[in-house]
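Please look at the sequence and the model together before reading on. The paragraphs below lead from the sheet to a helix and then to a single residue.

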Amino acid sequence: MQEGQDLRLFEEHNLKGTLICVEGIDGSGKSTQLSILRDWLKSKGLDVIHTEWNSSELISQTTKKAKKKNLLSPRTFSLLHAVDFADRLEQIIIPAMKAGFIVLADRYVYTAFARDVARGVDKDWVRNMYGFAIKPDLTLYYSINAETSLERICSNRTPSFYEAGMDLKLSNNPYKSYVIFQNMVNTEYLQMVDEFGLVKIDAQQSIHSKQLKMREYVTNCLKKKGINI
């Protein structure tokens, strides 16, 4: 953190609820793990709410239209996602946490910190823009190399223009560009493990093994909040 910054991300929140986030590049299995966790927590009778990156009703459609036309500069891309996040934070995340819910976030501000900086946006500028975000109680980073990530997502679809970092002109080949860009994103994530206390998990383990590890971390996190599973 730079001198003079006053980020809520470095301060424990005083809300009743619990904020648990998952991070990682596509193909890491984080969304699957979060979905399984959500069902498990609900089966325990706990109040759970789920939120995804770039899903605000206020701005997500605008972002999607701009992406389709490949019109976004790195900074515009960053600003749109920040507006989306701010709306979800105020309309979904904070109200739910005030009510004592467990909020499961599929991606949080760390996605912006990784992707935007990999796109060349100033690191301090991005962090300051999200300075209003509250600190999660737990953030799990599912680490996977870009080559394996590409192999996994290509079993269902092809990488999108921005997902492959084609806007950066890293390579004319979208698959090569994807690997280069996602490796850059992974580099930023790794630096955040120490900076923000992200918990790194090997995403190449089996779904079952990853879920057991996730439940272990989540159970310990909830215990600190006085919730025993």
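What follows is an explanation of the sheet and its surroundings.

The model is a predicted one, in which local features need pLDDT of at least 70 and side-chain atom pairs count only at pLDDT 80 or more, while totals for chains, interfaces and linings use all residues. Residues are numbered from 1 along each chain as its sequence is written, and side-chain values use heavy atoms, with hydrogens and water left out.

Five strands, paired in parallel, form an open sheet in the order β2-β3-β1-β4-β5; strands (E, at least two residues) and helices (H or I, at least four) are DSSP runs numbered from the N terminus, and two strands pair if DSSP finds at least two bridges between them. Because β2 (48–52) and β5 (199–202) stand at the edges with a single partner strand each, one side of each is left without a neighbour in the sheet. From one strand to the next the twist averages 20°, where axes are lines fitted to C-alpha atoms, for helices over the stretch in contact, and angles run from 0 to 180 degrees between N-to-C directions.

Within this sheet, β1 (residues 18–23) and β4 (residues 138–143) pair in the parallel sense over 4 bridges, and Val-22 has Leu-140 in β4 as its bridge partner. Helix α1 (residues 30–43) lies across β1, β2, β3 (102–106) and β4, and runs at about 165° to β3.

Strand β3 includes Ala-105, which counts as buried (under 20% relative accessible area, with exposed over 50% and partly exposed in between, for a 1.4 Å probe and protein chains only) because its relative accessibility is 0%. Leaving aside neighbours within four places in sequence, Ala-105 is in contact (heavy atoms within 4.5 Å) with Leu-19, Ile-20, Cys-21, Val-22, Leu-34 and Thr-51. The C-alpha atoms of Ala-105 and Thr-51 are separated by 5.0 Å, although these residues are 54 residues apart along the chain.
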